[in-house]
Amino acid sequence: YIEDGIADTYPRPRIILNEDILLAMGSKMRYIFEALGAIGIDASLIGANKVANGKKMIQIMDEYKKGESNIFVFPEGELCILEEIPLSKRVQPGIANMIAKLVSETDVCVVPVGFAYNKSQKNLSAIQIGEPIMYEKGSECNKDDILQTICNELESTVTKAKENVPESSLGDNAVQV
């Protein structure tokens with residue numbers, strides 16, 4: 001970006017993830033993640049600090065609306081390891097709220113990404129990038145419909161990720177996110 005002269009104007013990534021992930025890292029690793037755009041959100045299922053989360057989300061959304069950042073979200077939060085719960089019940093609804101708010105002021109493109117990895121061997125087996133979902137500025141967007149659409153596309157993308165991996169690579173303890 002520096003060589004092309006767009007480093008000052010190119011959107012920066014903002015990667016929203018569970019604050020516990022950052023807090024569990026050593027200071028050097030946390031510094032690297034934060035320099036790459038990681039922002040920790042209190043994803044506690046009970047007792048989350050909604051005021052602090054709200055301030056961070058407003059900042060992230062303002063940057064997005066100005067074209068200063070792209071937002072990356074891992075919307076399953078602490079529920080990603082609960083394989084017995086369907087994906088539609090694991091994705092937290094905050095992502096749909098954020099999209100609905102952004103669409104009132106700007107276009108939003110959601111790109112689902114599916115991962116298939118082997119939990120016992122701790123290795124990533126496949127990444128599948130799904131079809132973009134476009135929400136046009138000012139369009140009527142129901143939060144429940146947004147959430148359902150995202151869940152359906154994530155499910156499809158995860159299924160495709162799993163199909164691209166030999167069964168032996170996934171193993172018995174495969175987890176799909």
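Predicted model: local features only at pLDDT ≥ 70, side-chain atom pairs only at ≥ 80, totals over all residues.
Some ground rules come with it: local features need pLDDT of at least 70, side-chain atom pairs count only at pLDDT 80 or more, and totals for chains, interfaces and linings use all residues. Residues are numbered from 1 along each chain as its sequence is written, and side-chain values rest on heavy atoms, with hydrogens and water left out.

Overall, the protein chain has seven helices and eight strands, taken as DSSP runs numbered from the N terminus (helices H or I, at least four residues; strands E, at least two). Of its 177 residues, 33% are buried, where buried means under 20% relative accessible area, exposed over 50%, and partly exposed in between (1.4 Å probe, protein chains only). Among contacts (heavy atoms within 4.5 Å) with a separation of 6 or more, 61% join residues 24 or more positions apart.

Now for the helix pair. The axes of α5 (94–103) and α6 (residues 143–163) come within 8 Å and cross at roughly 120°; axes are lines fitted to C-alpha atoms, for helices over the stretch in contact, with angles from 0 to 180 degrees between N-to-C directions. That angle makes α5 oblique to α6, since angles under 35 degrees count as roughly parallel, over 145 as roughly antiparallel, 65 to 115 as roughly perpendicular and the rest as oblique. On the α5 side the contact is made by I95, A96, N97, I99 and A100, and on the α6 side by K143, I146, L147 and I150.

I99 turns up again in the largest nonpolar core, a set of 24 residues in which I99, V108, Y135 and I150 touch the most other members. Such a core consists of buried Ala, Val, Leu, Ile, Met, Phe, Trp, Tyr and Cys residues joined through side-chain atoms within 4.5 Å. Elements giving two or more residues are β2 (38–41), α3 (50–65), α5, β4, β7 (133–135) and α6, and α5 supplies the largest share, seven residues. Leaving aside residues up to four places away in sequence, I99 touches V108, V110, Y135, I146 and I150.

T106 sits in the loop between α5 and β4 (108–110) and counts as buried because its relative accessibility is 16%. With residues up to four places away in sequence not counted, T106 touches Y64, K65, Y135 and K137. C151, in helix α6, is also buried, with a relative accessible area of 4%. C151 and P86 are 65 residues apart in sequence, yet 9.6 Å apart in space, C-alpha to C-alpha.
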